[in-house]
Amino acid sequence: MSGRIFTVRLSEDENAVEILDQTLIPNRIEYLRLETAGQIFEAISELRVRGAPAIGVCAGFGMYVLARGMSGDLLPQLERAGEYLISSRPTAVNLSWAVNRMLDCARKHSGSHDELLSALKSECTAICDEDKAVCRAISENGLTLVHDGDGILTHCNAGALAAVEYGTGLGTLLLGKERGYNFRAYCDETRPLLQGARLTSFELSHAGIDTTLICDSAASMLMKQGKIQACFVGCDRVAANGDTANKIGTRSVAINAKYHGIPFYVFCPRSTIDFSCKTGNDIVIEERSGSEIKTNFFSQPVAEESVKCWNPAFDVTDAELITAIVTERGIARYPYTESLRKLFS
């Protein structure tokens, strides 16, 4: 498909959310048109659209699209639809944040049908535009932490594919490339869904960045060899104390980085910080089907059907393991109960 790749947008007729189907990358570039609550739910739950910021933007557009198809008293219908969409992925706070923001907007504009729809369109458009500006600011702040020629280890995907532009954890690499920085990116494959292999290596290599794909288990050896100067990850939820939920395997990267004296940076917007969540122990961790471990991307199962699987989608990295949390407002450092509140007071 020709033209610039986009992640998520409102269709021209405003009757659908259009998304890049990320389950097909890198082999195919295809877009989906989401018109119903069921289609939006499936796209989020099956990771066709993924990454905390992109999910939030998708949910914002989705609530507007669904409202356009409703008649009668919209607010109760929107509340039911919002609750349904939020249940598609419980860990990523941007999903509930965007849905609740749209619902708050609906409650404030309970006048005419046309007035409500106009307000909802403005709100979902603002969510999208804010994501662009926020990711740009996060990327700018991240550039202050690294140097030309640095080796950067990534885990999962937190680039433009996970947002609208630039992204969070990869935004600094993409912006740096535009400004002449020559980073060396080492991408964890990120089992079991291989977001690092399928998405991050695709995105960074197409941006012209020196990109090397590695098995998750090879990261520690690279650190020992001195090839990694920093670790960059995004996240799906940050607790008030700085504990961070991100794709499974992130905690292992942080522990290895701590042992080798390598800075471990988390990149996130304000919308991903959940001040109502005191610690990582309060974060609900999504568990997914064992088929993702045994059969995804394999021509035949790699384990017998009777073998049990445990497949948490995320783990929680302790605040003490995180060197800094990079946000659009600035860079927070431990203890995060103080620094995050100061940035977003």
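In β5, Ala 185 is the bridge partner of Ile 152. That pair belongs to the contact between strand β4 (residues 151-154) and strand β5 (residues 184-188), which run parallel and are joined by four bridges. Strands here are DSSP runs of E with at least two residues, helices are runs of H or I with at least four, and both are numbered from the N terminus. Two strands pair if DSSP finds at least two bridges between them.

The model is predicted, so local features need pLDDT of at least 70 and side-chain atom pairs count only at pLDDT 80 or more, while totals for chains, interfaces and linings use all residues. Residues are numbered from 1 along each chain as its sequence is written, and side-chain values use heavy atoms, with hydrogens and water left out.

**The seven-stranded sheet**

- β4 and β5 are part of an open sheet of seven strands with mixed pairing, in the order β6-β5-β4-β7-β10-β13-β14.
- Its edge strands, each pairing on one side only, are β6 (210-214) and β14 (331-332).
- Helix α9 (residues 250-260) lies across β4, β5, β7 (230-233) and β10 (264-267).
- The direction of α9 is at about 145° to β10, where axes are lines fitted to C-alpha atoms (for helices over the stretch in contact) and angles run from 0 to 180 degrees between N-to-C directions.

- Strand β8 (residues 237-239) pairs with strand β9 (residues 244-247) in the antiparallel sense over two bridges.
- Val 238 has Thr 244 in β9 as its bridge partner.
- The hairpin of β8 and β9 has four residues between the strands, and Gly 242 in this hairpin takes a positive phi near 100°.
- β9 also pairs with strand β12 (residues 314-317), in the antiparallel sense and over four bridges.
- Across from Lys 247 stands Phe 314 in β12.

**Nonpolar cores**

- A nonpolar core is a set of buried Ala, Val, Leu, Ile, Met, Phe, Trp, Tyr and Cys residues joined through side-chain atoms within 4.5 Å.
- Buried means under 20% relative accessible area, exposed over 50%, and partly exposed in between, with a 1.4 Å probe and protein chains only.
- The largest nonpolar core has 40 residues, and those with the most contacts inside it are Val 17, Ile 19, Cys 58, Phe 61, Leu 78 and Leu 120.
- Two or more residues of this core come from each of β1 (8-10), β2 (17-20), α1 (37-45), α2 (52-68), α3 (74-86), α4 (93-108) and α5 (113-143).
- α2 gives eleven residues, the largest share of this core.
- Leaving out residues up to four places away in sequence, Leu 78 touches Met 63, Ala 67, Met 70, Leu 103, Ala 106 and Leu 120; contact means heavy atoms within 4.5 Å.
- A second, separate core has 29 residues, among them Cys 231, Val 238, Cys 268 and Ile 325.

**Packing of α2 on α5**

- The axes of α2 and α5 come within 9 Å and cross at roughly 165°.
- α2 is therefore roughly antiparallel to α5; angles over 145 degrees count as roughly antiparallel, under 35 as roughly parallel, 65 to 115 as roughly perpendicular and the rest as oblique.
- The α2 and α5 crossing is left-handed, a term for a near helix turned anticlockwise from the far one by less than a right angle, with clockwise giving right-handed.
- On the α2 side, the residues that meet α5 include Pro 53, Gly 56, Gly 60, Phe 61 and Ala 67.
- On the α5 side, the residues that meet α2 include Leu 117, Leu 120, Cys 124, Ile 127 and Asp 131.

**Cis peptide bonds**

- Arg 191 and Pro 192 are joined by a cis peptide bond with omega of about 5°, and Pro 192 is in the loop between β5 and α7 (195-206).
- Another cis bond runs from Tyr 334 to Pro 335, with omega near 0°.
- Pro 335 is in the loop between β14 and α11 (336-343).

- Tyr 166, in the loop between β4 and α6 (171-178), has a positive phi of about 65° although it is not a glycine.
- Tyr 166 counts as buried because its relative accessibility is 13%.
- Leu 194, in the loop between β5 and α7, has a positive phi near 60°.
- With a relative accessibility of 15%, Leu 194 also counts as buried.

**Arg 198**

- Arg 198 is in helix α7 and counts as buried because its relative accessibility is 12%.
- Not counting residues up to four places away in sequence, Arg 198 touches Gln 22, Thr 23, Ile 25, Pro 26, Leu 193 and Phe 297.
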